[in-house]
Structure formats: structure tokens, C-alpha cells
Amino acid sequence: MKKAVIIVTLLVIVFGIFIGTNKVYAAEQAIDEETESRLVEIKDNAANSIEDYKEKYGSDVYGIVAYILNVIRIYSIPFCFLGIAIGAIHRYVVGVRKLDTLEKGMGLIVTFVTLLIICQVLPLAFAVFVRFGRG
């Protein structure tokens with residue numbers, strides 16, 4: 001019975017990969033025509049937002065730093081949630097049998113929660129410092 005389930009599962013996976021790659025290939029051909037214009041548009045939007053930050057903060061250096069901190073703030077969320085999930089797996093799944101992994105999991109959770117808080121508060125602290133600290 002186990003062999004039959006494994007064989008059926010493998011057939012479904014192989015069939016799914018075949019169907020999925022055909023759809024991706026067809027979609028890829030349709031996207032190639034629009035890709036260049038969209039890439040140029042995305043590049044212009046990114047350049048415009050850097051210019052907006054430079055204008056908002058009144059300095060090239062402060063504008064670039066504010067833009068970089070905003071990008072870090074946005075991308076730190078999924079990265080930290082992934083780290084928290086890995087830490088939770090180490091603590092609650094693997095740590096049931098191995099006590100050293102239990103401590104490692106808790107360390108990962110604390111580290112990534114701290115990193116998440118720092119990455120979310122740092123742009124706000126920078127904005128407050130620049131607005132009120134420069135005079």
C-alpha cells in the first residue's frame with residue numbers, strides 16, 4: 001500500500017511539473033515583450049523616490065540614508081518572520097527531543113524579534129533626529 005501511494009504521489013508531482021513548466025514558458029513569451037518597458041518604469045520610480053527623499057530631507061546624504069533605511073524596513077519583515085519561524089521550529093518541534101536545540105531555538109527567536117524591532121524603529125528615529133536635531 002505504501003509503495004502505491006508513493007508511486008501515485010510521484011506521478012502527480014511529475015505531471016504537475018510538466019503542466020506548470022508549459023504554463024510558465026507560455027507566460028514567459030508573453031511577458032518578454034512588456035518586460036523592457038516595465039523594467040525601465042520600475043527603475044524610474046526608484047530613482048524618483050530617491051529624489052523625493054533628497055528633496056524632503058534637504059540633503060543628498062540624508063535623502064539617500066532615509067531611502068536605504070526605508071528599504072531595510074520593508075525587507076526586514078519577511079526576513080525576520082522567516083527567522084522567527086525557524087527558531088520556533090527549533091524550539092517547539094526539534095527541541096522536544098534535544099535540549100541544546102531548545103536553547104538554540106529560543107536564542108534565534110529573541111535575536112530575530114530584536115532585529116525586527118530595531119529595523120522598524122531605526123527609520124523613525126532617523127527622521128525625528130533629522131527633523132528636530134538639525135535645528
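The legends below accompany close-up views of a predicted model of one protein chain.

**Figure 1. Overall arrangement of the protein chain.** The predicted model contains three helices and zero strands. Read from the N terminus, the order of elements is α-α-α. Of the 135 residues in the chain, 18% are buried. Helix α1 covers residues 2–57, while helix α2 spans residues 60–94 and helix α3 spans residues 99–133.

Figure 2. Side chains of opposite charge can pair when their charged atoms come close. Both residues belong to helix α1, and because they are three residues apart in that helix, about one helical turn separates them. Glu51 is partly exposed, its relative accessible area being 44%.

**Figure 3. Packing of helix α2 against helix α3.** Two packed helices are described by the angle between their axes and the distance between the axes. For α2 and α3, the angle is about 165° and the axes are 8 Å apart. An angle over 145 degrees counts as roughly antiparallel, and α2 and α3 are therefore roughly antiparallel to each other. Their crossing is left-handed. Sorted by class, the contact of α2 with α3 comprises 26 nonpolar, seven polar and three charged residues.

**Figure 4. The largest nonpolar core.** Seven residues form this core: Tyr53, Tyr57, Ala66, Leu69, Phe126, Ala127 and Val130. Each of α1, α2 and α3 supplies at least two residues of the core. The most come from α3, which gives three residues. In soluble globular proteins, nonpolar side chains tend to be buried together.

**Figure 5. Ala66, a core residue of helix α2.** Ala66 is one of the residues of the largest nonpolar core, and its place is in helix α2. Ala66 has a relative accessibility of 6% and therefore counts as buried, since the limit for burial is under 20%. Along the chain, Ala66 and Phe126 are 60 residues apart, yet a distance of 7.5 Å separates their C-alpha atoms.

**Figure 6. Gly87 in helix α2.** The position shown is Gly87, which lies in helix α2. Its relative accessibility is 0%, so Gly87 counts as buried. This view also includes Phe112, which is 25 residues from Gly87 in sequence. In space, the two residues are 8.6 Å apart, from C-alpha to C-alpha.

**Figure 7. Gly95 in the loop between α2 and α3.** Gly95 is located in the loop that lies between helices α2 and α3. With a relative accessible area of 4%, Gly95 is buried. Met106 is shown together with Gly95; these residues are 11 positions apart in sequence. The distance between the C-alpha atoms of Gly95 and Met106 is 9.7 Å.

Methods: Residues are numbered from 1 along each chain as its sequence is written. This is a predicted model: local features need pLDDT of at least 70, side-chain atom pairs count only at pLDDT 80 or more; totals for chains, interfaces and linings use all residues. Side-chain values use heavy atoms; hydrogens and water are left out. Helices (H or I, at least four residues) and strands (E, at least two) are DSSP runs, numbered from the N terminus. Buried means under 20% relative accessible area, exposed over 50%, partly exposed in between (1.4 Å probe, protein chains only). Axes are lines fitted to C-alpha atoms, for helices over the stretch in contact, and angles run from 0 to 180 degrees between N-to-C directions. Angles under 35 degrees count as roughly parallel, over 145 as roughly antiparallel, 65 to 115 as roughly perpendicular and the rest as oblique. A crossing is left-handed if the near helix is turned anticlockwise from the far one by less than a right angle, and right-handed if clockwise. Ala, Val, Leu, Ile, Met, Phe, Trp, Tyr, Cys and Pro count as nonpolar, Asp, Glu, Lys and Arg as charged, and the others, Gly among them, as polar. A nonpolar core is a set of buried Ala, Val, Leu, Ile, Met, Phe, Trp, Tyr and Cys residues joined through side-chain atoms within 4.5 Å.
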